[in-house]
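Here is a short report for a reader meeting this structure for the first time. Please keep the sequence and the 3D view at hand while reading.

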Amino acid sequence: MAADAGRGLIPIRGWLALGALWTLPNTLAGLLLGGSGLAFGARVHWRRGELALVFDRWPWGPGGALTLGNVILHTGQDLDAPCRTYAHRAGLCEEPHVRLADHERAHVYQYMVLGPLFLPVYLVCGGISVRNRFERAADRYAATGRGWWPWG
């Protein structure tokens, strides 16, 4: 019993499993959309670092990536590609490129906390725009490795 002192009641793997279960409705939507792209050339693989099943070369959308639970739909070849932050693209500042994988990992974490509430809260916060605190937090996390949660 003393060996478990300080480890917490639930190990990190337990929290990750609970988060994945909580966001399962979003993940199922991602699997349906991702699976529909397989016939059109999408490629699927597990990315352990992102805790997500990634569909690369997903054939629809304006470019970039979309996260749904533990699924990332990516229109490009490689999720490790550099990308601009939302603030940089909006002309609000000059910032160096970040890795798209890091940005999308932040969204996976956000989904695992909010589960089925993520999409409604995300839309209320401004949708896909620089005004959205979820996007700003994902950019911050991609740039620094910290701060993926949009509040606090």
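## Buried and exposed

A residue is called buried when its relative accessible area is under 20%. Over 50% it is exposed, and in between it is partly exposed. The model shown here is predicted.

Side chains of opposite charge can pair when their charged atoms come close.

The whole structure holds 6 salt bridges. One of them joins the side chains of R47 and E50, with 2.8 Å from N to O. E50 also forms a salt bridge with R105. There the closest N and O atoms are 2.5 Å apart. E50 sits in the loop between strand 1 (43–47) and strand 2 (52–56), while R105 sits in helix 4, so this pair ties together parts that are 55 residues apart in sequence. Are E50 and R105 buried or exposed? Both are buried.

D80 forms a salt bridge with R99. The closest N and O atoms of this pair are 2.2 Å apart. D80 lies in the loop between strand 4 (71–74) and strand 5 (82–83). R99 lies in strand 6 (residues 98–99). The pair therefore ties together parts that are 19 residues apart in sequence.

Here the cover is of another kind. D80 has 31% relative accessibility and counts as partly exposed. R99 is partly exposed as well, with a relative accessible area of 29%. Which residues do salt bridges with shared partners join into one network? They are R47, E50, D80, R99, D102 and R105.

## The largest pocket

Now for the empty space. Rolling a probe the size of a water molecule over the atoms shows where such space is left.

The largest pocket holds about 560 Å³ of space. Several elements give two or more residues to its lining: strand 3 (65–68), helix 3 (86–89), helix 4 (100–114), helix 5 (118–124) and helix 6 (133–144). Helix 4 gives the largest share, 5 residues. What classes of residue make up the lining of the largest pocket? It has 16 nonpolar, 7 polar and 5 charged residues.

## The second largest pocket

The second largest pocket holds about 180 Å³ of space. Its lining is made by I12, W15, L16, L18, G19, Y109, M112, V113 and W148. Helix 1 and helix 4 are the elements that give two or more residues to this lining. Helix 1 gives the most, with 5 residues. By class, 8 of the lining residues are nonpolar and 1 is polar.

L9, I10, I12, W15, L16 and L18 make a nonpolar surface patch. The patch covers about 660 Å². One of its members, W15, is found in helix 1 (residues 12–22). W15 also belongs to the lining of the second largest pocket. I12, L16 and L18 are among the patch residues, and these three are in that pocket lining as well.

Where does phi take a positive value in a residue other than glycine? L51 is one such place, with phi near 55°. L51 is found in the loop between strand 1 and strand 2. R57 is another, also with phi near 55°. R57 has its place in the loop between strand 2 and strand 3. R57 is partly exposed, with a relative accessible area of 30%.

A87 is in helix 3. With a relative accessible area of 17%, A87 is buried. A87 and E135 are 48 residues apart along the chain. Their C-alpha atoms are separated by 9.4 Å.

Terms used
Residues are numbered from 1 along each chain as its sequence is written. This is a predicted model: local features need pLDDT of at least 70, side-chain atom pairs count only at pLDDT 80 or more; totals for chains, interfaces and linings use all residues. Side-chain values use heavy atoms; hydrogens and water are left out. Patches are made of residues with over 30% relative accessible area and no salt bridge: like charges are joined within 9 Å, nonpolar side chains (Val, Leu, Ile, Met, Phe, Trp, Tyr) within 5 Å. Accessible areas come from the Shrake-Rupley method with a 1.4 Å probe; for residues, only the protein chains shown count as cover. A salt bridge is a side-chain nitrogen of Lys or Arg within 4 Å of a carboxyl oxygen of Asp or Glu. Helices (H or I, at least four residues) and strands (E, at least two) are DSSP runs, numbered from the N terminus. On a 1 Å grid over the protein atoms alone, a cavity is a set of points where a 1.4 Å probe fits but cannot get out, and a pocket is an open set with protein on both sides within 12 Å along at least five of seven lines; lining residues have an atom within 4 Å of a point. Grid points are joined across faces, edges and corners, and a volume is the space filled by probe spheres set on the points. Ala, Val, Leu, Ile, Met, Phe, Trp, Tyr, Cys and Pro count as nonpolar, Asp, Glu, Lys and Arg as charged, and the others, Gly among them, as polar. Buried means under 20% relative accessible area, exposed over 50%, partly exposed in between (1.4 Å probe, protein chains only).
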